[in-house]
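I opened my notebook to keep track of what I looked up, one entry at a time. Come along and read with the model beside you.

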Amino acid sequence: MDNDLKKNMENAAAQMRKGVLEFAILLIISKKETYASEIISSFKKAKLTVVEGTIYPLLSRLKSSGLLNYNWEESKSGPPRKYYTLTKKGQQFLNAYSQQWQNISDTITNLKK
């Protein structure tokens with residue numbers, strides 16, 4: 001692969017990751033109350049490269065949009081942690097996002113045929 005093509009593919013991959021981060025965060029939080037470091041660990045396990053500085057602004061934006069709540073809990077090791085949960089609006093948004101994701105996935109699958 002030549003350098004221009006490789007650079008274009010890297011840019012495309014970065015744009016795709018940005019596009020799914022919000023969805024991925026909501027999916028993780030929907031499974032259980034969680035804090036930012038657990039979200040980052042889940043991304044690493046899923047082989048989704050995300051820098052820590054990207055997660056916190058997204059969590060803040062999702063909270064400001066009314067999709068998340070949080071509460072502070074003491075930690076057995078270290079400072080208190082901010083644990084996130086989905087609000088009712090957040091769950092509704094996630095359900096709609098999941099449906100839209102399925103529609104896009106189906107469209108791409110059909111186009112590849």
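**Entry 1: salt bridges.** I began with the term itself: a salt bridge is a side-chain nitrogen of Lys or Arg within 4 Å of a carboxyl oxygen of Asp or Glu. I noted that this is a predicted model, where local features need pLDDT of at least 70, side-chain atom pairs count only at pLDDT 80 or more, and totals for chains, interfaces and linings use all residues. Residues are numbered from 1 along each chain as its sequence is written, and side-chain values use heavy atoms, with hydrogens and water left out.

I searched the whole structure and found two salt bridges. In one of them Lys32 pairs with Glu38, and their closest N and O atoms are 3.2 Å apart. I then looked up accessibility (buried is under 20% relative accessible area, exposed is over 50%, partly exposed is in between, with a 1.4 Å probe and protein chains only). Lys32 is partly exposed at 47%, and Glu38 is partly exposed at 21%.

Next I checked Glu22 and Arg61, whose side chains meet in a salt bridge at 2.8 Å, N to O. Glu22 sits in helix 1 (residues 3-31) and Arg61 in helix 3, so this pair ties together parts 39 residues apart in sequence.

**Entry 2: the whole chain.** I listed the elements, taking helices (H or I, at least four residues) and strands (E, at least two) as DSSP runs numbered from the N terminus. The chain has four helices and two strands, in the order α-α-α-β-β-α from the N terminus. Of its 113 residues, 27% count as buried. The C-alpha atoms fill a box of roughly 50 × 30 × 25 Å along the principal axes.

**Entry 3: two helices together.** How do helix 2 and helix 3 pack? I found that helix 2 (residues 36-45) and helix 3 (residues 52-64) pack at an angle of about 125°, with axes 10 Å apart. The axes are lines fitted to C-alpha atoms over the stretch in contact, and angles run from 0 to 180 degrees between N-to-C directions.

I also wrote down who touches whom, with contact meaning heavy atoms within 4.5 Å. Helix 2 contributes Ala36, Ile39, Ile40 and Phe43, and helix 3 contributes Glu52, Ile55, Tyr56 and Leu59.
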